[in-house]
Amino acid sequence: FLILFPHQDAEKATIGANRCRETIANSRIEEGRLGFPVTISVGVADMTAGEIVTADDLLKACDVALYAAKRTGRNVVHVG
């Protein structure tokens, strides 16, 4: 999934990403008598860094940040 925070810097986008992460972390998938916690790892990329000029650049930066978040652990936000 991709969520865009237009007209927001990396700091504000990270706040939004953390709100999404916390909302999801407070949810559970209920299946019969079983309940499963839900967590996400989120990567945040900032277009103002200068090296991102195309949509492909942005997606690549998001992908790099996401995989960095996954390496860090579960239920985290990583700014790339």
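Since the model is predicted, local features need pLDDT of at least 70 and side-chain atom pairs count only at pLDDT 80 or more, while totals for chains, interfaces and linings use all residues. Numbering starts from 1 along each chain as its sequence is written, and side-chain values use heavy atoms, with hydrogens and water left out.

The chain has two helices and four strands (DSSP runs numbered from the N terminus: helices are H or I with at least four residues, strands E with at least two). From the N terminus on, they come in the order α-β-β-β-α-β. Taken along the principal axes, the C-alpha atoms fill a box of roughly 50 × 25 × 20 Å.

Strands β1 (residues 28–31) and β2 (residues 34–37) run antiparallel and pair over four bridges (pairing takes at least two DSSP bridges between two strands). Arg28 has Pro37 of β2 as its bridge partner, and Glu30 has Gly35. Two residues sit between these strands in the hairpin, and Gly32 in the turn shows a positive phi of about 65 degrees.

The largest pocket holds about 760 Å³ of space. Here a pocket is an open set of points on a 1 Å grid over the protein atoms alone, where a 1.4 Å probe fits, with protein on both sides within 12 Å along at least five of seven lines; lining residues have an atom within 4 Å of a point. Volume is the space filled by probe spheres set on the points, which are joined across faces, edges and corners. Of the 28 lining residues, Leu2, Ile3, Leu4, Gly43 and Cys62 are closest to the centre. Helix α1, β3 (42–44) and α2 (55–72) each supply at least two lining residues. Leu2 itself is found in the segment before α1 (10–25).
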